[in-house]
Amino acid sequence: MVWSLFRRSRTGTGLPVPGRCAPGRHVLATGRLLLFTPRTRLDVAAALAASADAEAQRWLGTQADEVLPDPGTRRALLAWRPAGDDGRRIPHVLAEPYTPAPDGPLLLVCVRRSDLSYAGALELQPRDGEMGGWLAPGCRGQGLGVELFRAGLELAHGHLGLATARAGAEPGNTASRRALTRAGFVRDQGPSRHTLPDGRVVDAVWHRHDTASPARCR
């Protein structure tokens with residue numbers, strides 16, 4: 001099975017390999033997650049599906065045109081594996097290659113290393129090091145948020161050459177704040193109010209992580 005091939009650290013059916021980044025594309029791994037720049041529209045759609053439920057949108061406030069409102073569609077997208085990696089053919093439109101915007105935030109989709117199921121996504125602004133992330137409903141409450149944010153720190157400090165990474169959260173979002181703390185973030189100063197992409201204005205607390213030796217991936 002392709003899953004066992006991946007667990008033996010082989011490439012399997014073409015999954016990105018940690019340590020083999022390319023211009024504008026990054027690959028990272030934690031104990032349980034593989035994170036990579038989306039390769040196809042399926043990767044992007046699954047990343048959006050992982051954040052479109054009411055629980056996630058309470059904190060994320062994604063713009064309406066990026067939210068997938070139908071639960072059945074979200075479940076169907078999250079049931080796929082990265083295009084071509086489970087032997088199933090996906091609709092042509094979802095198999096089309098995805099090219100990241102050169103001046104936008106970096107998006108990394110993440111999958112579980114155990115079965116390659118879509119697990120969520122990480123987003124990072126390369127200009128100021130501000131990051132955010134989310135997990136699919138079936139991946140929450142398992143400590144994966146800590147791994148997600150640690151991967152974000154590796155991306156910021158070890159791939160993009162950023163000395164400082166920052167993340168904001170609502171005071172009541174205890175799960176995210178706990179994950180940030182366990183990932184190594186500390187409290188930071190910042191605006192007490194924050195405007196979400198959908199226009200909602202919420203209370204905010206800020207966290208940061210610094211390194212004295214930032215680096216860039218090759």
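How do helix 2 and helix 4 lie to each other: parallel or oblique? Keep in mind that this is a predicted model. The two axes, of helix 2 and helix 4, come within 9 Å and cross at roughly 130 degrees. An angle over 145 would count as roughly antiparallel, and 65 to 115 as roughly perpendicular. Helix 2 and helix 4 are therefore oblique. The crossing of helix 2 past helix 4 is left-handed.

Who makes the contact? Helix 2 brings Leu 42, Ala 45, Ala 46 and Ala 49. Helix 4 answers with Arg 74, Leu 77 and Leu 78. Sorted by class, that contact has 6 nonpolar residues, no polar ones and 1 charged.

Now stay on helix 4, residues 71-79. Arg 74, Leu 77 and Leu 78 are buried there. They span an arc of only 95 degrees around the axis, so they sit on the same side of helix 4. In general, an α-helix has 3.6 residues a turn, so residues three or four places apart point the same way. What do the buried residues of helix 4 pack against? Helix 2, helix 5 (92-95) and strand 4 (118-124).

On to the second pair. Helix 6 covers residues 144-159, and helix 7 covers 174-183. Their axes come within 8 Å and cross at roughly 55 degrees. Helix 6 and helix 7 are therefore oblique too. Here the crossing is right-handed.

From helix 6 come Gly 145, Val 146, Phe 149, Arg 150 and Leu 153. They meet Ser 176, Ala 179, Leu 180, Arg 182 and Ala 183 in helix 7. By class, this contact has 6 nonpolar, 2 polar and 2 charged residues.

Technical notes:
Residues numbered from 1 in each chain as written. Predicted model: local features only at pLDDT ≥ 70, side-chain atom pairs only at ≥ 80, totals over all residues. Heavy atoms only, no water. Axes fitted to C-alpha atoms, helices over the stretch in contact; angles between N-to-C directions. Helix = DSSP H or I, 4+ residues; strand = E, 2+ residues; numbered from the N terminus. Parallel < 35°, antiparallel > 145°, perpendicular 65-115°, else oblique. Left-handed = near helix turned anticlockwise from the far one by under 90°. Contact = heavy atoms within 4.5 Å. Nonpolar A, V, L, I, M, F, W, Y, C, P; charged D, E, K, R; others polar. Buried < 20%, exposed > 50% of the residue type's maximum accessible area, 1.4 Å probe, protein only. Arc of directions from axis to C-beta.
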